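This briefing is an introduction for a reader who is meeting the structure for the first time. Please look over the sequence and the model before reading on.

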Amino acid sequence: MSIENVKAHFRALGKEQDIMEFDASSATVEKAAETIGVIPARIAKTLSFRGEGEAAILVVSAGDTRVDNKKFRSEFGFKPKMLSPEEVLEQTGHAVGGVCPFGLTHELEVYLDVSMRRFDTLFPACGSSNSAIELTCGELEQYSGGKAWVDVCKDWE
């Protein structure tokens, strides 16, 4: 089960107890924000894109952003193409609604969008449609194995 992989990931880091599981759904930015009691922008959403080879790339951004196609192409050298829900599950081990950069099935490149840096803490999902963890940007970078901070989103400035 996906959340079990994430729990194992955080157990190894001594942070498993920080994972929050809810009775209500947190499968969308809006639902997660309502359930947690924060503004939607503080939900760290993980977007899955087709990479240049077989492996996907993940971009984690603030909940109030949209990917800017021009910025994405400039950063990565190819057009952003989101994965289908089936591809997301196969690549990450997480179903849409619980996708996060932790406890992944395959080793994927994770990029962190600068839109998140305006917050002290954010809330990424933890592998299920009713879970999250509160992390600083530094913790998010460390625990996700973030490869780099990028500027590929719009509508947040």
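Which strands do the buried residues of H4 pack against? In this predicted model, the buried residues of H4 pack against strand S2, at residues 43–50, and strand S3, at residues 56–62.

**Helix H4**
- Helix H4 spans residues 85–92, and its buried residues are Val 88, Gln 91 and Thr 92.
- Because these residues cover an arc of only 80° around the axis, they are placed on the same side of H4.
- The residue that follows H4 is Gly 93, which has a positive phi, near 85°.

**Nonpolar cores**
- The largest nonpolar core has 28 residues, of which Phe 10, Phe 102, Met 116 and Leu 140 touch the most other members.
- At least two residues of this core come from each of helix H1 (2–12), S3, strand S5 (109–113) and helix H5 (137–144), and S3 gives the most, with four residues.
- When residues up to four places away in sequence are not counted, Leu 140 touches Ala 44, Val 60, Pro 101, Phe 102, Leu 112, Met 116, Pro 124 and Leu 135.
- Another core, of 13 residues, lies apart from the largest one, and its members include Leu 47, Phe 49, Val 67 and Phe 76.

**Annotated domain**
- An unreviewed UniProt entry places the feature "domain: YbaK/aminoacyl-tRNA synthetase-associated" at residues 26–140.
- In the model, the end C-alpha atoms of residues 26–140 lie 19 Å apart, and the span is 24% helix and 26% strand.

Technical notes:
Residues numbered from 1 in each chain as written. Predicted model: local features only at pLDDT ≥ 70, side-chain atom pairs only at ≥ 80, totals over all residues. Heavy atoms only, no water. Buried < 20%, exposed > 50% of the residue type's maximum accessible area, 1.4 Å probe, protein only. Arc of directions from axis to C-beta. Contact = heavy atoms within 4.5 Å. UniProt positions renumbered as here; feature names shortened; annotations may be inferred. Core = buried A, V, L, I, M, F, W, Y, C linked by side-chain atoms within 4.5 Å.
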